[in-house]
Amino acid sequence: QLQLVESGGGLVQPGGSLRLSCAASGSIFSINVINWYRQAPGKQRELVAGIDTGNSTNYADSVKGRFAISRDNAKNTVYLQMNSLKPEDTAVYFCHAYILSFSKGYNHYWGQGTQVTVSS
């Protein structure tokens, strides 16, 4: 089965850092754009950062200069380094990717999410 699994979330104090990981597993031929989204309680899911096949990146204005997205193609893994965290960064973070699979063709997939809580 093709799956995306996030890890690395937790509770940190304001100003702290976390590194999230999203690992894809299954019969993968290639992974196109991978995005990180987040959803806070009572809020809509929003795009935080994205990285394409050429390693071009984009970020929401609210996280520019603080977050960095990267990918390790050999490991089929994408990372989100989060620095200078603020309470407003508190949310469940999801990865989302378009994947060409040997067995399933071209589809998009969501991870189950990992909780990030920024609080004193």
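Which residues does Asp89 touch, not counting residues up to four places away in sequence? Keep the question in mind; the tour comes back to it. The model on screen is predicted.

**Stop 1: the open sheet.** Select β1, β3, β8 and β7. These four strands form an open sheet, in the order β1-β3-β8-β7, with antiparallel pairing. At its edges are β1 (3–7) and β7 (67–72), each of which pairs on one side only. From one strand to the next, the twist averages 15 degrees.

Stop 2: Show the residue Leu4: opposite it, in β3, stands Ala24. While the side chains are displayed, note that in a regular strand they alternate between the two faces of the sheet.

**Stop 3: Asp89.** Now go to the loop between β8 (77–82) and β9 (91–101), where Asp89 lies. Asp89 counts as buried because its relative accessibility is 1%, and the cut-off for buried is under 20%. Select its neighbours to settle the opening question: Asp89 touches Arg38, Arg66, Phe67, Ser84, Val116 and Val118, leaving aside residues up to four places away in sequence. With Arg38, the side chain of Asp89 makes a polar contact of 3.0 Å.

**Stop 4: the hairpin.** Together β9 and β10 form a hairpin, with three residues between them. To finish, show Tyr98 and find His108 of β10 standing opposite.

How values were computed. Residues numbered from 1 in each chain as written. Predicted model: local features only at pLDDT ≥ 70, side-chain atom pairs only at ≥ 80, totals over all residues. Heavy atoms only, no water. Pairing = 2+ DSSP bridges. Helix = DSSP H or I, 4+ residues; strand = E, 2+ residues; numbered from the N terminus. Axes fitted to C-alpha atoms, helices over the stretch in contact; angles between N-to-C directions. Buried < 20%, exposed > 50% of the residue type's maximum accessible area, 1.4 Å probe, protein only. Polar contact = N/O pair within 3.5 Å; in protein donor to acceptor, adjacent residues only side chain to side chain. Contact = heavy atoms within 4.5 Å.
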